[in-house]
Amino acid sequence: MPSPTVTTEFTQEFEAETGRLLRRRFIWFIVSVGVVYLMARLASVAGFAAVMAMSAAKVSSIDSLQKAVDSVRLGRAGMILAMALTVLDLGLIVWSGVHLQQAGRRKINLLRFTQAIFILLGLTQICYAIILRSTEFPWQVCVYHMLACAFLPWTPMQAIRPILPVVLASAAAELVFGDSAIGMKAFLILMSLFTAVPGVLIAWFKYSRRVESFRVKMLQTRYGQMRRELFDARRIHEALFPAPIVHGPLRFEYRYQPMLQIGGDYLYARFSPSVEGAQPAFNLLLLDVTGHGIAAALTVNRLYGEVERLFAEDPHTGPGEVLTALNRYVHLTLATHSVYVTALCMRVNQHAHTLEYASGGHPPAFLCAGDGSIDQLDSTSFVLGACAGADFDPAVERRPFHPGDTLLAYTDGALECRNQQGRMLGVAGLTRILAGVHRPEQAGRSGLASVVLNAVEAHRHGAAEDDTLVVELTRAIMAQNPGAAVDGAHERTTIAV
């Protein structure tokens, strides 16, 4: 059996594979034993006949003639018994093969069946040795045992069990029927104990190779299945993400690069219903779950349902209410498993030209104004789940957000990427990147998310160490009302809540 450290699934599949090998290779074992058995019997009969002929040729008197006749009679009786045992053994060999074929898929204990066949063959060989008064038995059983261990998928322990009773029976037969001196009997019995050694060594070698080969095969199969499942999971996970908005006065796009095939970042975006004909408000929420891979993605799915419920119950809910509700949810359901979430929730009021936001431990976002200035939007509260609901204050803030302005938000994978010297990009490095690419003449143009992600990849040395999500929200300067947009672009005051 495989070691206890392997999984139950491995053990079950290994046992099923062993059963298939037993059924398939038993026929080869039976055929090989039959061939060896017939060759040994033919050799024994030929030798016995030669001895009888030589004894008859040396007859020189009436007394010697009578002794020869008696020996011939005894030889004929022994030959008849030997032939009967031969027919019995051949019948057992043929029956075992036919029985296994007729069993088909019927549930039988193949291991016990193969061991029982070997024991019966060994016991009949003992009887044959007693009849012929021969000491060759242990070596012929050794051949059968080596054939069994070579063809059948036995473990070393399973190889010892069937030969042990045969060896004990051989020792008893030698003590009772053997005509050798006591010293020779002891030597033969001692030598018979080593009959199992070659077969056990073969079984050990084949079993260890088979276990290792099966483990590699199973790992390759499971890896392929896991890759397919992760591909499907990533497709489902990213289907939760909103579609980009590439036209209109408010444009939104993002770039997502999970560390593994599936990640723990999530993005929610939705327009609220329009009120009294005014342009609808736009809600944007970034979530970053602690951890990576499948566990983080499963957590994202739970948060997705909670976010959908919040906005379904109140489409006009603000960033403060969203973060407060999510903090309570994470604190009650996820924090007990040491899972926490950073979040950045924003609400754009196009009519009032304002951006309302609350950040729970999330990396600072950047508001790139149309005049080239950059405003850093720092976190306003704790990481979600770190404190109880009564102690959580989202501390909502507002900023002007006019046509020509661009908001850049991201998850910590963009900040924590390291170069060859091990230095992280950090907030300062990201600020330098934005200052180098954002110019007043580029106001209202999209593509900043792609530029930032390319810069992050250029800075990173080696594989990614975290999921990276870069989001860009732009208020485009519409050609039909350029004056209003330009005038509004110069109003840069912070509005506190």
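**Briefing: salt bridges, a helix pair and a surface patch**

Arg215 has a relative accessible area of 26%, so this residue is partly exposed. The model described here is predicted. Eight salt bridges turn up in a search of the whole structure.

- Arg215 pairs with Glu212 through their side chains, in a salt bridge of 3.3 Å, N to O.
- Both residues sit in helix α7, three residues apart, which means about one helical turn lies between them.
- Glu212 is partly exposed, because its relative accessibility is 43%.

- Glu306 and Arg309 form a salt bridge with their side chains, at 2.5 Å, N to O.
- The spacing is three residues within helix α8, so about one helical turn separates Arg309 from Glu306.
- Glu306 is buried, at 12% relative accessibility.
- Arg309 is partly exposed, with a relative accessible area of 33%.
- A network of salt bridges links Glu306, Arg309 and Glu313.

- The side chains of Asp375 and Arg399 meet in a salt bridge of 2.9 Å, N to O.
- Asp375 belongs to strand β7 (residues 374-377) and Arg399 to strand β8 (residues 397-400), so this pair ties together parts that are 24 residues apart in sequence.
- Arg399 is buried, as its relative accessible area is 9% and the cut-off for buried is under 20%.
- Asp375 is partly exposed, at 28% relative accessibility.

**Packing of helices α8 and α9**
- Helix α8 covers residues 293-313, and helix α9 covers residues 319-333.
- The two helices pack at an angle of about 145 degrees, and their axes are 11 Å apart.
- Their crossing is right-handed.
- On the α8 side, the contact is made by Arg302, Leu303, Glu306, Val307, Leu310 and Phe311.
- On the α9 side, Val322, Ala325, Leu326, Tyr329, Val330 and Thr333 take part.

**Nonpolar surface patch**
- Leu190, Leu193, Phe194, Val197 and Leu201 make a nonpolar surface patch of about 490 Å².
- Phe194 is placed in the loop between α6 (182-192) and α7 (197-239).
- Phe194 counts as partly exposed, because its relative accessibility is 48%.

Terms used
Residues are numbered from 1 along each chain as its sequence is written. This is a predicted model: local features need pLDDT of at least 70, side-chain atom pairs count only at pLDDT 80 or more; totals for chains, interfaces and linings use all residues. Side-chain values use heavy atoms; hydrogens and water are left out. Patches are made of residues with over 30% relative accessible area and no salt bridge: like charges are joined within 9 Å, nonpolar side chains (Val, Leu, Ile, Met, Phe, Trp, Tyr) within 5 Å. Accessible areas come from the Shrake-Rupley method with a 1.4 Å probe; for residues, only the protein chains shown count as cover. A salt bridge is a side-chain nitrogen of Lys or Arg within 4 Å of a carboxyl oxygen of Asp or Glu. Helices (H or I, at least four residues) and strands (E, at least two) are DSSP runs, numbered from the N terminus. Buried means under 20% relative accessible area, exposed over 50%, partly exposed in between (1.4 Å probe, protein chains only). Axes are lines fitted to C-alpha atoms, for helices over the stretch in contact, and angles run from 0 to 180 degrees between N-to-C directions. A crossing is left-handed if the near helix is turned anticlockwise from the far one by less than a right angle, and right-handed if clockwise. Contact means heavy atoms within 4.5 Å.
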